[in-house]
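Trainee: I have a model open and I'd like to learn how to read it. Could you walk me through it feature by feature?

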Amino acid sequence: MASKLQTKTIKEYEKKGYYVINLSVTNKAGIADLLCLKDGCKPLFIECKEVNDTVKPLQLYRQKELISLGFESIIIQADK
């Protein structure tokens, strides 16, 4: 679970003026952890991964799907 990294990321993006929603339960398996919204910016989806966690194939599929729909999508890996 990436709760520490998620908390840090939420605070960081809220400081930048984003409205951040944690997508803990959705109808789309593999969707990113966070949705960041800001007036004038594309919606940004962020997947948070701890040091030893790996990105799953379904998560990569969802990332490509989001990008193809015109959204931003990134994966953040915690530092060691």
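Mentor: We'll go through the sheet, the helices, the core and the rings in turn. This is a predicted model, so local features need pLDDT of at least 70 and side-chain atom pairs count only at pLDDT 80 or more, while totals for chains, interfaces and linings use all residues. Residues are numbered from 1 along each chain as its sequence is written, and side-chain values use heavy atoms, with hydrogens and water left out.

Trainee: Let's start with the sheet. In what order do the four strands lie?

Mentor: Strands of a sheet pair through backbone hydrogen bonds, either parallel or antiparallel. Here the strands form an open sheet in the order β1-β2-β3-β4, with mixed pairing. Strands, like helices, are DSSP runs numbered from the N terminus (E, at least two residues, for strands; H or I, at least four, for helices), and two strands pair if DSSP finds at least two bridges between them. At the edges are β1 (19-22) and β4 (72-77), each pairing on one side only. From one strand to the next, the twist averages 25 degrees; angles run from 0 to 180 degrees between N-to-C directions, with axes being lines fitted to C-alpha atoms, for helices over the stretch in contact.

Trainee: Which pairs are parallel and which antiparallel?

Mentor: β1 and β2 are antiparallel, over four bridges, and β2 runs antiparallel to β3 with three bridges. β3 and β4 are parallel and share six bridges.

Trainee: Where do the helices go?

Mentor: Helix α1 packs on the sheet and touches β1, β2, β3 and β4, its direction making about 150 degrees with that of β3; touching means contact, that is, heavy atoms within 4.5 Å. Helix α2 (residues 57-68) also packs on the sheet, touching β3 and β4, at about 145 degrees to the direction of β4.

Trainee: Which way do the side chains of β3 point?

Mentor: In a regular strand the side chains alternate between the two faces of the sheet. In β3, Leu44, Ile46 and Cys48 point one way, and Phe45, Glu47 and Lys49 the other. Six of the six residues in β3 are buried (buried is under 20% relative accessible area, exposed over 50%, partly exposed in between, with a 1.4 Å probe and protein chains only).

Trainee: Which residues make up the largest nonpolar core?

Mentor: Nonpolar side chains tend to be buried together in soluble globular proteins. A nonpolar core is a set of buried Ala, Val, Leu, Ile, Met, Phe, Trp, Tyr and Cys residues joined through side-chain atoms within 4.5 Å. The largest one has 11 residues in all: Leu5, Tyr13, Tyr18, Val20, Leu34, Cys36, Leu44, Ile46, Cys48, Ile76 and Ala78. Two or more residues come from each of α1 (3-15), β2 (34-37) and β3 (44-49), and β3 gives the largest share, three residues. A second, separate core of five residues includes Ile31, Ala32, Phe45 and Leu66.

Trainee: And the aromatic rings: how many pairs does a search of the whole structure find?

Mentor: Two. Rings of Phe, Tyr and Trp (its six-membered ring) pair if their centres lie within 6.5 Å; planes under 30 degrees apart count as stacked, over 60 as edge-to-face and the rest as tilted. Tyrosine 13 and tyrosine 18 have ring centres 5.5 Å apart and planes at 65 degrees, so they are edge-to-face. Tyrosine 13 counts as buried at 10% relative accessibility, and tyrosine 18 is buried at 17%.
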